[in-house]
Amino acid sequence: MTASDSKTTALITGATAGLGAEFARQLGEQGHHLVLVARDSGRLAAKAHELENNYSIDVEVIAADLTDDAGVAAVVERLSDEARPVEILVNNAGFGLLRSFEENDIEDEKAHLKLLVETPMVLSHAALKGMLRRRSGKIVNVASVAAFLPRGTYSAAKGWLVAFSRWANLAYSPQGVTVTAVCPGLTHTEFHDRMEMDKSVAPQWMWLKPDRVVREALAASGHGRAVWIPSKRYRFIVAAAQVLPARLTTGPPRRSK
Ligand SMILES: NC(=O)c1ccc[n+]([C@@H]2O[C@H](COP(=O)([O-])OP(=O)(O)OC[C@H]3O[C@@H](n4cnc5c(N)ncnc54)[C@H](OP(=O)(O)O)[C@@H]3O)[C@@H](O)[C@H]2O)c1
């Protein structure tokens, strides 16, 4: 990247698959340089090559496990590099656990909480310093409609991200930095296959496509919204869940494939 280059840079966690790959594609298409973060270095290199070829942008990669302190530190270091400012941070990497809380290994629960809560908090903290100094920047936190529903520790973790974003957007938008929690419903990605969940438990109409979710997410961030739920059907579901008893909104138990 040259000093006269006016393109800004976006850093996306979990950028090799699903929603993260779509954030990378749409932000690349808009002309942003990219920093892609995930664990699988082969997939990162292939994705970087594809995006550089398609959009004439620079793409860096950081192979890091974001449930691990050293992995998070590598991304913090990049976000703290004032010579190469990151204007957009997308906290997206995540996974789900198929079984219920009491059945899960506590180490898996701790890694889940770290990736969904501690890592986005640490990366937001690192990114904010430069963004506030420059009085410009955007943070997009990929939460979930589960934040509004009683669905185990996943809901609890995503609820934290929504509450954090709601407060942070209020605190920092007067200083030029917006923080947006995006709350998708069920979306076709690798997420459910990775947790070995039977996707047929949910009817077809409940499934969203990643391009729509990301388009709405970027528009919401552009408008400086604190929280955005993509699609009318899920805004309706969340509104109904606010008034219905919790036992009616917990949904069917997850089933393995
Ligand atoms: N799909 C849905 O229905 C849905 C709905 C609501 C919210 N969400 C949220 O959307 C976000 C993205 O999920 P997705 O559906 O796009 O999932 P996905 O298709 O499984 O993609 C997950 C991405 O995160 C990366 N990742 C996973 N664990 C990681 C770790 N420990 N360190 C670094 N990177 C890691 C993966 O790459 P590597 O394996 O190479 O690390 C991959 O790039 C998550 O926060 C999820 O909770 C998803």
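**Entry 1: a charge and a ring.** Over the ring of which residue does the charged end of lysine 199 sit? I found that this charged end lies over the ring of tryptophan 207, 4.8 Å from its centre; a charge sits over a ring if NZ of Lys or CZ of Arg is within 6 Å of the ring centre and within 35 degrees of the ring normal.

**Entry 2: what I am looking at.** I note that this is a predicted model, in which local features need pLDDT of at least 70 and side-chain atom pairs count only at pLDDT 80 or more, while totals for chains, interfaces and linings use all residues. Residues are numbered from 1 along each chain as its sequence is written, and side-chain values use heavy atoms, with hydrogens and water left out.

**Entry 3: the sheet.** I looked up the strands, taking helices (H or I, at least four residues) and strands (E, at least two) as DSSP runs numbered from the N terminus, and counting two strands as paired if DSSP finds at least two bridges between them. Seven strands form an open sheet in the order 3-2-1-4-5-6-7, and their pairing is parallel. Strand 3 (59-63) and strand 7 (227-228) are at the edges with a single partner strand each, so one side of each has no neighbour in the sheet. I read that strands of a sheet pair through backbone hydrogen bonds, either parallel or antiparallel.

Strand 1 (residues 9-13) is joined to strand 2 (residues 33-38) by five bridges, and threonine 9 has histidine 33 as its bridge partner there. Three bridges join strand 1 to strand 4, where leucine 11 is partnered by leucine 89. Leucine 89 in turn stands opposite isoleucine 139 in strand 5, and strands 4 and 5 pair over four bridges.

**Entry 4: the two faces of strand 4.** From this strand Ile88 and Val90 point one way, Leu89 and Asn91 point the other way, and all are buried (buried means under 20% relative accessible area, exposed over 50%, partly exposed in between, with a 1.4 Å probe and protein chains only).

Entry 5: I counted rings of Phe, Tyr and Trp (its six-membered ring) as a pair if their centres lie within 6.5 Å, with planes under 30 degrees apart called stacked, over 60 edge-to-face and the rest tilted. This rule gives four aromatic pairs. Phenylalanine 164 and tryptophan 167 have ring centres 5.9 Å apart and planes at 50°, so this pair is tilted. Both residues lie in helix 5 (residues 152-172), three residues apart, which is about one turn of the helix. Tryptophan 167 also pairs edge-to-face with tyrosine 172, at 5.6 Å centre to centre and 75° between the planes. Ring pairs link Trp160, Phe164, Trp167 and Tyr172 into a cluster.

**Entry 6: the nonpolar core.** I took a nonpolar core to be a set of buried Ala, Val, Leu, Ile, Met, Phe, Trp, Tyr and Cys residues joined through side-chain atoms within 4.5 Å. The largest one has 39 residues, and those touching the most other members include Ile12, Phe23 and Leu36. Apart from it lies another core of 23 residues, among them Val35 and Leu128.
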